[in-house]
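Dear colleague,

Please find the structure below for your review. The findings follow it.

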Amino acid sequence: MEIISDLQLHSRFSRACSKNITLDKLEEYARIKGLNLLTTGDFQHPIWNQEIKKNLKEDDNGILWSKNKFPFIWGTEISLIYTDNGKGQRIHHLIYAPNKDIADQIIEFLKSKGRVDYDGRPIFGFTSIELVEAMMEISNDIEIIPAHAWTSHFALMGEYNQLTYVEDCFRDKTKFIHALETGMSSNPADNWRLSQLDKFQLVSFSDSHSFWPYRLGREATIFDFKELTYNNFIKAIRTGEGLKSTIETPVFYGKYHYSGHRNCGVVVSPKESQGLKGICPKCGNKLTIGVADRIEKLADRPEGYKREGVKPFVSILPLQELIAAVYDIKQLNGKKIWDVYNKLIKEFGNEFNILLNVPFENLNKVVDEKLTNVIVKNRNGELKINPGYDGVYGKIILDDKEKINVQKSLNQF
């Protein structure tokens, strides 16, 4: 049983998230995307928690099912901001629970540390070590995964925290950390360059702030289970057994891959950043140091290194990003993009099937050859992408001959 999962997402109660997010919408667009497992997200938020318990039914294996038989697992994300050994730390953690009772106990612990009702991803002032200790006291079946582990501002290995090793954060509690979520600005190949990370599984999730398929499932983890159970999920996270592969966005698309300063439009490679000593050449302020810089600084293996036995991955951009680039449309939710998108979905079932499997000649019968070419280039890792930096997404670069004139193509739909 192949499970394509997105296990980092948010409710409408999280800051900077769509106010239209519902469990029904998440399920609807997950099916369109090609996902078949989601996390509840934000389970400690009181209103969202009520909606989870009202609309999803938990089975004996810790899986929550919608009325239309779509599965979820209990999951949330919290932000910890604290000082440890005189250093400020900002880290986001994903937390997964084996059942409702354990989720309720986690909520009670979090309520003892602060409010859980003001934001779906609440902020607390206790340490990562305290988090692990508290979770393990509640249940050894709780899983904690550092989120988007390399991102500049709120990540375990990001520039802000200045940590060299995972152990710098968790010390003797590192034994309870089994996986890292790579985030959009790094991929497994980046992480293979650090021998210290060999003991961790690598997973990828979207951190989606809406239900739209250009956000939901843009990164995903594929499991291979005989049966979908919470125990099989944590076994895969802790041992790798049943963890098949990941779907990534190309790292250059990530908002923090390169260093830069968006106010000045400055974006630089790791080599250029080193020459500038992390200072913006236009205004003299500090650059936001990107993931590529951090990887280069901490890596003890060369670029391109691949250790034996690692899980494979594929890097692809969401279909709506491709359509927008080919038709030269900036708004991903525009009518023209949905017209083309829905035509492909109607013909081929779901987005992952279109992006990864459908042959060129089949695609070409449904959409313009220029779009077909870009879909295949995306699949083969051949797209040119200007790198993301300082909170700015990377951008697909196409020649004019690779684009479609929107006015000429309107009569097709």
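Strand β5 (residues 71-84) is largely enclosed by the rest of the structure, because twelve of its 14 residues are buried. Buried means under 20% relative accessible area, with exposed over 50% and partly exposed in between (1.4 Å probe, protein chains only). Strands are DSSP runs (E, at least two residues), numbered from the N terminus.

This is a predicted model: local features need pLDDT of at least 70 and side-chain atom pairs count only at pLDDT 80 or more, whereas totals for chains, interfaces and linings use all residues. Residues are numbered from 1 along each chain as its sequence is written, and side-chain values use heavy atoms, with hydrogens and water left out.

The pairing of β5 is described next; two strands pair if DSSP finds at least two bridges between them.

Antiparallel partners: with strand β6 (residues 87-97), β5 forms eleven bridges in the antiparallel sense. Arg90 in β6 is the bridge partner of Ile81. The β5 and β6 hairpin has two residues between the strands, and Asn85 takes a positive phi near 55° there. Strand β4 (residues 64-65) also runs antiparallel to β5, joined by two bridges, and Leu64 stands opposite Phe72 in β5. In the hairpin of β4 and β5, with five residues between the strands, Lys69 has a positive phi near 65°.

Parallel partners: strand β2 (residues 37-39) pairs with β5 over two bridges in the parallel sense, and Thr39 has Ile73 in β5 as its bridge partner. Strand β7 (residues 123-124) is likewise parallel to β5, over two bridges, with Ser79 opposite Ile123 in β7.

Conventions:
Helix = DSSP H or I, 4+ residues; strand = E, 2+ residues; numbered from the N terminus.
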